[in-house]
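Visitor: Please show me the structure, and then I will ask about its parts.

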Amino acid sequence: MTNDIYANRRFVIAGLMLSVVLIYLFRLVSLQLVDDSYANQAEVNAYLRKVQFPARGIIRDRNNKVLVFNKLSYDVMVVPREMKEFDTLGFCQAVNIDKATFKKRMREIRNDVNYSPYKPQLLVAQLDAHDYGVLQEKSFLFPGMYLQKRTLREYNYPNAALLLGNIGEVSQKKIDADSIEHFYVPGDYAGINGVESTYEELLRGEKGEEIFIRDVHGRIQGKLEDGIYDVPSKPGKDLQLSIDIDLQAYGERLMQNKVGSVVAIDPATGEILASISSPTYDPSLLVGRKRSENFMKLNNDSLKPLFDRPMMGRYPPGSTFKTVNALIFLQEQIISPWTAFPCSQGYHVGSFKVGCHAHSSPLTLVPSIQHSCNAYYCAGFRNMMDHRKYKNISNAFEVWKNHVVSLGFGYKLGADVPNENRGYIPNSGVYDKIYGPNRWKSLMIVSNSIGQGEINATPLQIANLSATIANRGFYIVPHLVKKIEGETLDSIYLKRHYTTIDSSYYEPIVEGMDLVMKNGTGWGARIDSIEVCGKTGTAQNKGADHSIFMAFAPKDNPKIAISVVVENGGFGATWAAPIATLMIEKYLKGYIPKRRLWLEEKMFNANLLPNQNGVTKK
């Protein structure tokens with residue numbers, strides 16, 4: 001019996017000893033392989049690693065004028081593990097923040113999912129030279145903190161804010177999306193909107209690192225082995241944009257106190273010469289420590305200055321779309337250039353009417369463009385939808401839609417901007433849902449013939465249509481970047497996209513647009529010394545109609561294609577056409593002649609902004 005008791009005790013003691021050994025082994029494995037806190041602490045005690053941020057690429061315009069460059073700023077970094085008691089109020093005064101902001105930022109640091117007490121964290125961003133000097137003198141009073149060089153964007157011109165974009169702190173979403181490269185950490189900056197966003201990976205460069213060695217008291221003793229382990233940063237690539245900043249600035253002045261957009265393109269290359277969204281703002285407002293405050297003001301503005309109208313706005317293209325229908329009718333042999341349709345101040349079928357202004361009747365194709373005859377396009381569209389060559393109206397409409405898409409509508413063009421809208425072109429299925437399969441007729445959708453109804457297009461797409469007609473049947477995807485330092489431009493911005501319309505059918509359209517300016521709806525905005533081909537448009541809207549115009553010039557070997565939208569501006573000839581031809585003349589000549597200065601002054605001084613009652617000022 002006694003032997004059994006001793007035997008049991010031996011097993012218990014052996015078990016306890018084995019448990020102790022296993023616990024120690026588990027803890028050792030945990031420390032070596034899982035828990036890196038001691039390793040982190042040891043490294044932080046021995047070294048300080050400072051990120052060297054690269055200079056961001058410089059941005060120039062097509063004439064090599066510097067638009068965006070860099071200026072030096074400083075961030076206050078903190079290693080929480082090394083913080084000791086210090087004069088909080090004195091620190092806040094030195095960096096020009098209040099105590100509540102300091103406490104809030106410290107809470108944010110500790111609550112961040114990526115928080116580590118051993119790693120440097122961003123405490124205060126973007127100190128200017130004055131605050132840097134004040135803090136530098138007192139830095140020894142604030143243990144655990146150091147200053148890190150950064151660069152901020154600086155602007156030479158108060159223009160082109162939306163197409164340039166801006167720089168802002170990266171979101172957690174962007175950090176998570178960067179899980180492969182691990183370039184971004186909380187507190188880093190990245191491009192937001194515009195080319196700053198589209199070309200972020202080229203503009204940002206590559207980070208470097210400096211490694212400093214500490215003594216037992218944590219004081220910096222110099223670089224580790226004289227800096228042989230340092231990695232220099234690599235600056236970002238410079239960009240040359242296709243825009244002409246002088247033309248951009250001129251267009252923004254013409255559009256001041258108006259809501260709308262201007263897009264100008266070089267038809268031969270697809271390069272965007274100007275992209276104006278109105279109202280706009282000075283890009284320098286979104287730089288520095290007042291960025292958030294200014295952003296909120298812009299974001300809350302009822303006129304939406306942060307909305308990129310050239311790329312994102314969707315409008316019925318109105319009568320500018322008649323050129324599209326004319327091309328399709330010719331291609332499908334629904335009409336010839338000599339086909340005539342009557343117009344008795346509109347298109348009439350029983351009690352149904354689409355109104356039209358007074359002009360001679362009947363008209364053939366070229367005069368129908370010259371005088372923007374609604375009846376001509378209603379008749380032509382119905383002839384196509386009801387033609388016996390198609391199986392049914394759904395088939396006819398799909399043929400029509402596919403031609404429209406080939407002309408750059410209904411889908412994104414692929415411009416190098418982050419927020420391009422696709423516009424909208426319906427298909428036959430849309431009308432099957434609205435009216436029921438096989439229950440809709442050509443008269444029900446005839447508004448498509450004059451660019452109304454369900455059709456929506458962006459100003460970029462309308463400018464691209466003008467460039468396509470100027471090129472007699474092809475376009476190159478519009479783009480903002482002309483050259484990239486040390487890189488080749490993406491082939492998408494070099495390739496010609498041919499439409500489904502035979503090139504020969506563009507000539508009568510060009511002739512009609514030429515006559516629009518010589519003796520048609522755009523006559524009041526003509527330029528005597530330049531052959532401009534244009535097309536006015538008036539897009540119906542819930543409020544006052546939108547004023548729309550597209551054009552290209554010169555007629556032969558064109559150098560510029562343009563679209564202008566003035567929201568709630570009424571007839572296309574009233575506001576959009578003069579703005580467009582002034583832009584054309586400014587670009588091609590470099591000046592506005594005396595005889596047209598009155599028109600320029602009228603556009604400069606016109607205030608078409610809606611008042612508080614939603615009524616447009618005249």
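Visitor: Which residue in β20 is the bridge partner of Ser 261?

Guide: This is a predicted model, in which local features need pLDDT of at least 70, side-chain atom pairs count only at pLDDT 80 or more, and totals for chains, interfaces and linings use all residues. Residues are numbered from 1 along each chain as its sequence is written, and side-chain values use heavy atoms, with hydrogens and water left out. Strand β11 (residues 260-266) pairs with strand β20 (residues 560-566) in the antiparallel sense over six bridges; two strands pair if DSSP finds at least two bridges between them. In β20, the partner of Ser 261 is Val 565.

Visitor: Is α15 parallel or oblique to α16?

Guide: Two packed helices are described by the angle between their axes and the distance between the axes. Axes are lines fitted to C-alpha atoms, for helices over the stretch in contact, and angles run from 0 to 180 degrees between N-to-C directions. Helix α15 (residues 374-385) and helix α16 (residues 393-406) pack at about 120 degrees with their axes 8 Å apart. Angles under 35 degrees count as roughly parallel, over 145 as roughly antiparallel, 65 to 115 as roughly perpendicular and the rest as oblique, so α15 is to α16 oblique.

Visitor: How many nonpolar residues are in the contact of α15 with α16?

Guide: Contact means heavy atoms within 4.5 Å. Phe 381, Met 384 and Met 385 in α15 meet Ile 393, Ala 396, Phe 397, Val 399 and Trp 400 in α16. Ala, Val, Leu, Ile, Met, Phe, Trp, Tyr, Cys and Pro count as nonpolar, Asp, Glu, Lys and Arg as charged, and the others, Gly among them, as polar. No polar and no charged residues take part, and the nonpolar ones number eight.

Visitor: How many residues apart are Glu 196 and Arg 56?

Guide: The side chains of Glu 196 and Arg 56 meet in a salt bridge of 2.9 Å, N to O; the term needs a side-chain nitrogen of Lys or Arg within 4 Å of a carboxyl oxygen of Asp or Glu. Glu 196 is in helix α8 (residues 194-198) and Arg 56 in the loop between β1 (47-52) and β2 (59-60). The pair links distant parts of the chain, and its residues apart number 140.

Definitions and conventions: Helices (H or I, at least four residues) and strands (E, at least two) are DSSP runs, numbered from the N terminus.
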